[in-house]
Amino acid sequence: MSGQPAFGTGKNGQTFFRWEDPSPIREPHLFYAILVEDPVNAMLRREAECYGRELGLRGRLTPTEQMHITLIGLGDGKPKAVVDIARHVGLLIQAEPFAVCLDRLSAFGGGALVLRGSDHSPGLQTFWRKLSAVIDDSPLKPFVTNSVEPHVTLLRDRQGVPKVRERIVEPISWTVRSFALILSHRGEYKCPASWRLTGQDDALAAM
């Protein structure tokens with residue numbers, strides 16, 4: 001194991017973020033993410049409904065309040081002490097708001113229909129490097145999961161989605177102004193902490 005964060009471009013032309021230390025699978029799942037805020041999340045939900053009808057998909061739509069881009073996974077079944085460390089690490093991140101643009105509709109693992117970006121999200125890459133660098137120098141390092149490819153999941157349909165061919169769609173852009181720590185369990189999300197991106201030392205944690 002190298003223990004070093006890295007990013008690259010896969011054969012499909014999409015950017016991926018990768019670590020080399022997989023974690024065992026036990027719920028609930030703990031991860032850092034960008035929660036898509038109003039009104040963009042509502043716009044994405046409407047797009048999901050439209051694509052579902054157009055493509056004849058019948059899977060579960062992602063709830064508006066759960067629309068997100070995963071940044072770094074910390075595995076499943078983590079004790080409260082790990083959650084507390086993750087909250088502290090979030091406070092250490094200094095970053096400015098940055099833009100994200102999603103313009104590619106495609107199938108993803110687990111029957112997910114997702115939106116991704118053609119520009120490899122340079123602002124997102126920069127932010128990911130900062131978060132990764134802090135985690136790499138923290139007790140969270142052993143818990144980081146294997147690989148993350150930036151995307152927003154619109155819906156899941158294990159039978160229909162694998163037949164969907166990737167295509168360019170009308171872009172949806174917004175400015176990311178915060179990130180969060182998420183606990184996901186049986187379809188429910190809890191948010192132990194979130195932080196505004198201000199570029200200052202006094203990043204605010206919303207408990």
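Helices (H or I, at least four residues) and strands (E, at least two) are DSSP runs, numbered from the N terminus. This is a predicted model, where local features need pLDDT of at least 70, side-chain atom pairs count only at pLDDT 80 or more, and totals for chains, interfaces and linings use all residues. Residues are numbered from 1 along each chain as its sequence is written, and side-chain values use heavy atoms, leaving out hydrogens and water.

So which residues of α2 are buried? They're Val 82, Val 83, Ala 86, Val 89 and Gly 90 (buried is under 20% relative accessible area, exposed over 50%, partly exposed in between, with a 1.4 Å probe and protein chains only). They sit on the same side of α2 because they cover an arc of only 120 degrees around the axis, taken from the directions from the helix axis to the C-beta atoms.

Now for the salt bridges, nine in the structure; each is a side-chain nitrogen of Lys or Arg within 4 Å of a carboxyl oxygen of Asp or Glu. In α2, Lys 80 and Asp 84 are four residues apart, so about one helical turn separates them. Their closest N and O atoms are 2.9 Å apart. Lys 80 is exposed at 61%, while Asp 84 is partly exposed at 30%.

Arg 116 pairs with Glu 149, the closest N and O atoms being 2.4 Å apart. Arg 116 lies in strand β7 and Glu 149 in the loop between β8 and β9, so the pair ties together parts 33 residues apart in sequence.
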